[in-house]
Amino acid sequence: MILDLARLLLFPALMAFAAASDLFTMTISNRVSLALGLGFFALALAGGMAPYDMLTHVGAGALVLVVAFTCFAMGWVGGGDAKVAAGVALWFGFPHLMNFLLYASLFGGALTLLLLQFRQWPLPYGLAGQAWLARLHAKETGIPYGIALALSALMVYPETEWVKAIDLANLALR
């Protein structure tokens, strides 16, 4: 039961925290990425994931980490976004990686367009005192891509083996 609750709640909670953190502070703590990695290994071991499967998940995470940090080095994404993307890839492995990346591209593009439009309008006086909103509105500020990454991850997560392994009948009885 504890394992099922962890499968059901840990990853979505970390994604929600990453999105909120990026929205309000334009940063994602290294602790989120660390928790994604440790959480993956803890649940993989507790759930009896085969070593080969674990290695393929690590391979997906490493591949995304290399690509994402190349994007970071080019100034296209933030470091926190790169680490979170790699953490999500670690959880999803190759079977769900393309769906995640497709959603991330679509949600990221939509978020970028919305923010660019939002930044064209003057910020109402009553909202200008909100530091996070003023930072989000500033034209020189980047895009909090962690929001798109989290939404994408939450769209794909229900299709993963993590959720499919949950014994919902057992959870409902308790």
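Trainee: Is serine 21 buried or exposed?

Mentor: Burial is read from relative accessible area: under 20% is buried, over 50% is exposed and anything in between is partly exposed, with a 1.4 Å probe and protein chains only. Serine 21 has a relative accessibility of 13%, so it counts as buried. This is a predicted model, in which local features need pLDDT of at least 70 and side-chain atom pairs count only at pLDDT 80 or more, while totals for chains, interfaces and linings use all residues. Residues are numbered from 1 along each chain as its sequence is written, and side-chain values use heavy atoms, with hydrogens and water left out.

Trainee: Where is serine 21 found, and which residues does it touch?

Mentor: A helix is a DSSP run of H or I with at least four residues, a strand is a run of E with at least two, and both are numbered from the N terminus. Serine 21 belongs to helix α1. A contact requires heavy atoms within 4.5 Å. Setting aside residues up to four places away in sequence, serine 21 touches Met26, Thr27, Ile28 and Ser29.

Trainee: What is the phi of methionine 26?

Mentor: Most residues other than glycine have a negative phi. Methionine 26, although not a glycine, has a positive phi of about 60°. Its place is in the loop between α1 and α2.

Trainee: How many helices and strands does the protein chain have?

Mentor: The protein chain has nine helices and zero strands. For overall dimensions, one takes the radius of gyration over C-alpha atoms and compares it with a globule rule of 2.2 Å times the number of residues to the power 0.38. With 174 residues, a compact globule would come near 16 Å, and the protein chain has 17 Å, which agrees. Along the principal axes, the C-alpha atoms fill a box of roughly 55 × 40 × 25 Å. Of the 174 residues, 39% count as buried.

Trainee: Which residues have the most contacts inside the largest nonpolar core?

Mentor: In soluble globular proteins, nonpolar side chains tend to be buried together. A nonpolar core is a set of buried Ala, Val, Leu, Ile, Met, Phe, Trp, Tyr and Cys residues joined through side-chain atoms within 4.5 Å. Here the largest such core has 39 residues, and Phe11, Trp91 and Phe92 have the most contacts inside it. Two or more residues come from each of α1 (2-25), α2, α3 (51-73), α4 (79-118), α6 (131-137) and α7 (146-156). The most is given by α4, with 13 residues. Beyond its neighbours within four places in sequence, phenylalanine 92 is in contact with Phe11, His57, Phe100, Ala153, Val156, Tyr157 and Thr160.

Trainee: Why is α7 described as largely enclosed?

Mentor: Eight of the 11 residues of α7 are buried, so the rest of the structure largely encloses this helix. Among those buried are Gly146, Ile147, Ala153 and Val156. The cover over them includes α1 and α4.

Trainee: Which residues do ring pairs link into a cluster?

Mentor: Rings of Phe, Tyr and Trp (its six-membered ring) pair if their centres lie within 6.5 Å; planes under 30 degrees apart are stacked, over 60 edge-to-face and the rest tilted. The count comes to 12 aromatic pairs. The rings of phenylalanine 40 and phenylalanine 41 have centres 5.0 Å apart and planes at 75°, so the pair is edge-to-face. Phenylalanine 40 is buried at 0% relative accessible area, whereas phenylalanine 41 is partly exposed at 34%. Phenylalanine 40 also pairs edge-to-face with tryptophan 162, their centres being 5.7 Å apart and their planes at 75°. Phenylalanine 40 lies in helix α2 (residues 30-46) and tryptophan 162 in helix α8 (residues 161-164), so this pair ties together parts 122 residues apart in sequence. The linked cluster is made of Phe11, Phe40, Phe41, Trp91, Phe92, Phe100, Tyr157 and Trp162.

Trainee: With which residue does arginine 7 form a salt bridge?

Mentor: Side chains of opposite charge can pair when their charged atoms come close. A salt bridge is counted when a side-chain nitrogen of Lys or Arg lies within 4 Å of a carboxyl oxygen of Asp or Glu. The count comes to one: arginine 7 with aspartate 4, the closest N and O atoms being 3.3 Å apart. The two residues are three apart in helix α1, so about one helical turn separates them. Arginine 7 counts as buried at 9% relative accessibility, and aspartate 4 counts as buried at 8%.
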